[in-house]
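Hi there,

Here is the structure I promised to pass on. Have a look at it first, and my notes follow below.

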Amino acid sequence: MKLAFSPYLSSVKPLLKTLIERLNELYPYASILAQDSLAQRLGVSKTGVNVSEIGTLTKRGFVIRVHDGRAFSEYAFNEISQNNLDDVISAVRRAQAGAMGSDPLPEDDLCSLYQEAEYDVDPEEMGAKEIVARLTSLREKALSKSELLLDVASSFTWQKSSKLFLTRNRDLSQSVIWTNGALVALAARGEEIKDYYKGFSKLGGCELINDMENDDVLSKIVSTALELLESNPIPPGEYDCICDPDTTGMIVHEAFGHGVEMDMFVKNRAQAKDFVGKRVASDLVNMHDGAKAANECATYLFDDEGTLACDTLVIEKGILKTGYADLVSANRLKIAPTGNGRRQAYDHKAYTRMTNTFFAPGSDKLSDMIASIDYGFLLENPSSGMEDPKNWGIQCMVNIAREIKDGRLTGRIFSPIVLTGYVPDLLKSISMMSDDFALGGGGFCGKGYKEWVKVSDGGPYIKAKIRLG
């Protein structure tokens with residue numbers, strides 16, 4: 001099935017076209033982004049049932065961007081009618097009167113596109129009652145697997161979003177639906193308490209719940225939480241490590257993704273600016289970003305500045321080729337925008353933001369990678385990370401390190417794990433990459449603890465030298 005485009009945006013589109021025509025009489029460039037989105041989170045845990053609309057993701061409104069031949073300005077609003085067009089135009093003119101800067105006029109090639117997202121089961125049609133019932137059943141089934149479980153929390157989040165982008169020459173429309181699920185098992189023995197998290201994501205609808213209900217998945221979540229009760233702190237040091245696809249994704253996102261957001265190049269806040277065309281990783285590493293690069297929660301047809309989605313090859317055989325850029329940053333750097341201009345919502349500023357960010361797979365088998373290690377660890381289940389684009393340092397948290405000795409997993413695990421290092425050293429040490437690949441879109445990414453947007457990341461298993469503590 002296809003997700004129908006917003007009836008509301010369709011109904012006001014003629015007015016928006018009139019508004020664009022009038023703005024074009026005043027300015028050489030004018031655009032309107034219109035958004036109509038709805039999002040909900042449902043959760044079941046020991047504390048009860050929660051069903052709530054997500055305010056930051058449920059938005060309806062418009063943002064106008066104009067360029068007077070010298071600089072950009074923007075004006076956001078959430079109501080439009082024939083009676084308020086003059087008021088909107090007056091507000092745009094006041095905003096432009098105070099605009100400062102020196103930006104070239106953006107290109108405005110002729111383009112008309114319309115796309116509706118595909119899904120199997122509509123969350124609104126299934127309804128909160130049925131979703132909660134299935135989440136409750138999931139929780140109860142998992143809890144029945146061990147008396148050592150204090151709780152199992154199950155949650156499901158969805159968003160439907162329609163966007164319309166108009167200029168003199170552009171008429172772009174898209175609808176997107178994504179879903180996320182999560183299961184968290186909390187286990188205890190004596191005073192020791194450990195938790196294990198498993199996320200799920202899909203560019204689609206409630207069919208994702210089927211993946212969550214897989215009994216093998218539930219058993220793995222419970223058994224891993226119980227394993228963690230036997231874990232110990234890791235002796236600090238540098239080790240040969242294998243990162244699972246989730247941990248690879250965290251490294252891609254935190255270690256490198258933020259550092260090549262090119263609005264940071266404009267502000268001289270990223271060391272990567274001085275490494276374009278230079279080696280930053282081993283020959284095995286090829287890194288992509290782009291809403292067109294994969295089919296996950298950060299996939300879309302066009303960004304919030306009307307740039308069509310791209311697949312950007314950031315690193316090719318270890319060489320940093322480019323970053324990715326929003327429209328304004330691209331203009332200032334004299335490069336083409338890459339479709340990474342994203343807003344938290346229509347009433348927020350557009351920044352350069354990651355989309356689907358990942359390392360491409362290699363040719364190695366995981367079994368061979370494990371067999372190649374005399375002593376080291378298999379890292380799994382990342383939880384959080386911080387980056388420093390200016391100095392290219394990272395600090396990431398990983399829940400599990402499985403001991404490898406003489407080419408075999410010993411069964412011993414260590415937790416929690418802090419992964420640190422200088423990014424180029426870590427990436428240059430990559431010596432093997434698996435031929436399988438996974439991408440996850442369960443997270444959001446902030447720009448300095450704000451401006452949250454949907455992202456996905458991942459890659460293959462990688463073998464590298466990593467400092468753990």
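Let me start with a pair of helices: α1 passes α2 in a right-handed crossing (a crossing is right-handed if the near helix is turned clockwise from the far one by less than a right angle, and left-handed if anticlockwise). Before going further, please keep in mind that this is a predicted model, in which local features need pLDDT of at least 70 and side-chain atom pairs count only at pLDDT 80 or more, while totals for chains, interfaces and linings use all residues. Residues are numbered from 1 along each chain as its sequence is written, and side-chain values use heavy atoms, with hydrogens and water left out.

Back to that pair. Helix α1 covers residues 7-24 and α2 residues 85-97; they pack at about 45 degrees with their axes 11 Å apart. Helices here are DSSP runs of H or I of at least four residues, strands are E runs of at least two, and both are numbered from the N terminus. Axes are lines fitted to C-alpha atoms, for helices over the stretch in contact, and angles run from 0 to 180 degrees between N-to-C directions. The two are therefore oblique to each other (under 35 degrees is roughly parallel, over 145 roughly antiparallel, 65 to 115 roughly perpendicular, and the rest oblique). On the α1 side, Leu15, Thr18, Leu19, Arg22 and Leu23 meet Leu85, Asp86, Val88, Ile89 and Val92 of α2, where contact means heavy atoms within 4.5 Å.

The second pair is α3 (residues 123-143) and α5 (residues 215-228), packed at about 55 degrees with axes 10 Å apart. This crossing of α3 past α5 is right-handed. Leu138, Lys141 and Ala142 of α3 make the contact with Asp215, Leu218 and Val222 of α5.

Glutamine 174 sits in strand β7, residues 170-189. Is glutamine 174 buried or exposed? It is buried, because its relative accessible area is 4% (buried is under 20%, exposed over 50%, partly exposed in between, with a 1.4 Å probe and protein chains only). Leaving aside residues up to four places away in sequence, glutamine 174 touches Phe5, Gln115, Ser161, Ser162, Lys163, Tyr300, Leu301 and Phe302. A polar atom of its side chain lies 2.6 Å from the backbone nitrogen of leucine 301.

Finally, glutamate 107 is in the loop between α2 and β5 (111-115), and is exposed, with a relative accessible area of 68%. Glutamate 107 and alanine 336 are 229 residues apart in sequence, yet 9.9 Å apart in space, C-alpha to C-alpha.

Best wishes

Definitions and conventions:
A polar contact is a pair of N or O atoms within 3.5 Å; within protein, one must be able to donate a hydrogen and the other to accept it, and residues adjacent in sequence count only if both atoms are side-chain atoms.
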